Amino acid sequence: MATVGYLGPQGTFTELAVDALFSEVEKQPFTTIHESMDAVASEEVDVALVPLENAIEGSVNMTLDHLIHKRDLPIAGEIIVPIEQHLLVHPDQAERLAELETVYSHPHAIAQCHDFFREELPEATLASVDSTGAAAAKVAENPDEPIGAVANELAAKQYGLVQVKTQIHDYEKNHTRFVVLARKNHPETLPAYQAPKTGVKTTLMISLPTDYSGALHQVLSAFSWRRLNLSKIESRPMKTGLGNYFFIIDVNHGMDEVLMPGVVAELEALNCSVRILGSYSCHALPSRTETEDEKHAEKTVPES
Ligand SMILES: O=C(O)C(=O)C[C@]1(C(=O)O)C=C[C@@H](O)C=C1
């Protein structure tokens, strides 16, 4: 059975994503996202599932930067998962919400709830830990302390905590995109995906030769005249000096034999450097409301 590394401990959003994407795999939790990626490189696990992008907070830079600068692991799959953040406390503290002193969570989860804390708990200190699951575990282990965690419903159940405020993320349509990272030339280690497939994508990292006017326009033309739809373009620092950036581009197209190799050849002819980060199938876990809407639509289909 294939092994999947993920950001643990129990009850993280990444664990939810692993359970949604794979059917039969052995799960191996790691304390940090980096450790789960390093474990693929060192062959401790076959693949890792890591968060890459959130609808409210944008890219998970710690994942992206480790992938670009430290671990050249191909992206082999994607799953988009609905994210609902809740404020959890120990049952002994449930009646003392106003006295809450510190709220722990993963920095990306805290960033999704800034408005909530500013408006409802302005005095509380927000403290970063390695994951939402680690935050829930800390609250469970310290029943006498006026502390809380931002985490999900699964964590509330697994750690015996109370959801004192639900849906505390600042914008309603909150989703996180997770990607599967594999080892190069090891397609046989890829476990099967069970979540519904929504399409295919190719992700490219492109750096421009020099800064000249119209350079990005030329890059984008290589996609546009081939009618290749881009779903994301983002620039990140190359970490070689101020003003030096590369681009990450997601294309809604697989690595075919004509169009995508044509793009790469054209960009290389412009002296751009191109790294293909992966070409992969995309999957999604419908949110509870989406599933209810679908059921409702099925029930209300007019009889012909
Ligand atoms: O801490 C967790 O539960 C995670 O899985 C990490 C993570 C992230 O890094 O974005 C995943 C999904 C949510 O967006 C918040 C946190």
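**Around the ligand**

Modeller: Happy to. Of the 15 residues around the ligand, T12, H106, H108, S131 and T132 come nearest; a residue counts as near when its C-beta atom, placed from the backbone, lies within 6 Å of the molecule. Please keep in mind that this is a predicted model, where local features need pLDDT of at least 70 and side-chain atom pairs count only at pLDDT 80 or more, while totals for chains, interfaces and linings use all residues. Residue numbers start from 1 along each chain, as its sequence is written.

By class, the shell holds 6 nonpolar residues, 9 polar ones and no charged ones (Ala, Val, Leu, Ile, Met, Phe, Trp, Tyr, Cys and Pro are nonpolar; Asp, Glu, Lys and Arg are charged; the others, Gly among them, are polar). At least two shell residues come from each of α1, β3 (47-54), α4 (107-111) and α6 (132-141); these are DSSP runs numbered from the N terminus, H or I of at least four residues for helices and E of at least two for strands.

Let's look at α1 itself. Of the 9 residues in this helix (13-21), 8 are buried, so α1 is largely enclosed by the rest of the structure. Buried means 20 or more other C-beta atoms within 10 Å of a residue's own, exposed means 12 or fewer, and partly exposed lies in between, with C-beta atoms placed from the backbone. The buried set is F13, T14, E15, L16, A17, V18, A20 and L21. In the loop between β1 (3-7) and α1 sits P9, joined to G8 by a cis peptide bond with omega about 0°. For background, most peptide bonds are trans.

Now step back to the domains. The protein chain is assigned domain 1 (3-82 + 175-284) and domain 2 (86-165), with bounds from an automatic or database domain assignment. Each of them gives the ligand shell at least three residues. Their centres, taken over C-alpha atoms, are 31 Å apart, and 14 residues of domain 1 are in contact with 16 of domain 2 (contact means C-beta atoms, placed from the backbone, within 7 Å). On the domain 1 side of that meeting there are 6 nonpolar, 7 polar and 1 charged residues.

The open sheet has 5 strands in the order β8-β7-β9-β6-β10, with mixed pairing, where two strands pair if DSSP finds at least two bridges between them. At its edges stand β8 (125-128) and β10 (162-165), each with a single partner strand, so one side of each has no neighbour in the sheet. From one strand to the next, the twist averages 35°. β6 (residues 86-89) and β10 run antiparallel and are joined by 3 bridges, and V89 has V162 of β10 as its bridge partner.

R227, in the loop between α8 (215-224) and β13 (230-237), has a positive phi near 55° without being a glycine, and is exposed, with 8 other C-beta atoms within 10 Å. K239, in the loop between β13 and β14 (245-251), also has a positive phi, about 70°, and is exposed, with 10 such atoms within 10 Å.

Conventions
Contact = placed C-beta atoms within 7 Å. Axes fitted to C-alpha atoms, helices over the stretch in contact; angles between N-to-C directions.
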